[in-house]
Amino acid sequence: MITNFKTAKKGEIILFSHDENTRVYFLKKGTLKIVEIDEKGNEIVKDIILKGDIFGEFTLTDSQSDEYAVAVSDNVICCSFKMEDFEKLLERNPQLGLSYTKWMGFRFRRLQNRYSNLMFKDVRTRFKGFLDEWASKEGIESAGEVILKNYLTHQDIASLICSTRQTVTQLFNEFKEKGILDYSRTEIVLKKVA
């Protein structure tokens with residue numbers, strides 16, 4: 001079984017979904033964003049991939065999308081398997097198969113939550129929920145605040161919460177005026193509100 005290791009610097013593309021050999025990728029270090037190109041040629045951020053996550057083309061059909069992964073941290077390392085090699089690995093290692101099944105269930109639950117949020121919550125609530133989730137995964141607590149390294153644009157966040165860039169900018173400004181957060185190009189600071 002041959003694995004392939006790839007490294008990338010910030011802004012480099014890791015994966016194209018229409019590669020000849022469908023591969024399963026494991027992110028060993030860094031952060032990626034999964035981007036899709038819509039019919040009009042616009043980039044839409046679909047997901048953020050963190051260290052330890054699995055990504056790739058997991059469809060049950062031969063249909064392909066115009067997705068790719070972009071490094072958003074300075075140093076990204078991932079390894080990949082051809083899909084058929086990964087399937088053989090799962091067959092030989094039932095514990096890995098169980099872990100993979102749990103991970104897929106978690107991803108499905110996350111997708112259900114995003115759908116539910118879109119249907120039943122307003123954009124302000126989705127924005128706040130996105131920031132809270134981001135903080136729980138990557139935030140660094142310091143002196144009653146949570147600091148996030150800001151590697152997403154307002155357009156990226158808008159794509160992730162199904163909104164517009166203008167609305168996200170307005171929400172950042174509104175939350176800043178209310179003392180809920182402060183932000184710059186490099187970091188977002190979430191204040192603990194009593």
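Among contacts in the protein between residues at least 6 apart in sequence, what percentage join residues at least 24 apart? The figure is 67%, where contact means heavy atoms within 4.5 Å.

Before you click around, some ground rules. This is a predicted model, where local features need pLDDT of at least 70 and side-chain atom pairs count only at pLDDT 80 or more, while totals for chains, interfaces and linings use all residues. Residues are numbered from 1 along each chain as its sequence is written, and side-chain values use heavy atoms, leaving out hydrogens and water.

**Stop 1: the whole chain.** Switch to cartoon view and you have five helices and 12 strands. These are DSSP runs numbered from the N terminus: helices are H or I with at least four residues, strands E with at least two. Of the 194 residues, 38% are buried, meaning under 20% relative accessible area with a 1.4 Å probe, protein chains only.

**Stop 2: strand S3.** Select residues 23-29. Five of these seven residues are buried, so S3 is largely enclosed by the rest of the structure. Two strands count as paired if DSSP finds at least two bridges between them. Click leucine 27 and you'll find its bridge partner in S8, cysteine 78. S3 also pairs with S6, antiparallel over three bridges; there, phenylalanine 26 partners isoleucine 54.

**Stop 3: a four-stranded sheet.** Next, pick out the open, antiparallel sheet with the order S9-S10-S12-S11. Its edge strands are S9 (140-142) and S11 (181-183), each pairing on one side only. Select S10 (residues 145-149) and S12 (residues 187-191), which pair over five bridges; valine 146 has leucine 190 in S12 as its bridge partner.

H3 lies across S9, S10, S11 and S12, at about 85° to S10. H5 (residues 165-177) lies across S11 and S12, at about 125° to S11. Such angles run from 0 to 180 degrees between N-to-C directions, with axes as lines fitted to C-alpha atoms, for helices over the stretch in contact.

**Stop 4: lining residues.** Finally, select Lys46, Asp47, Arg107, Arg110 and Arg114, which lie nearest the centre of the largest pocket among its 42 lining residues. On a 1 Å grid over the protein atoms alone, a pocket is an open set of points where a 1.4 Å probe fits, with protein on both sides within 12 Å along at least five of seven lines; lining residues have an atom within 4 Å of a point. H2 gives the most to this lining, 13 residues.

Key
Buried means under 20% relative accessible area, exposed over 50%, partly exposed in between (1.4 Å probe, protein chains only).
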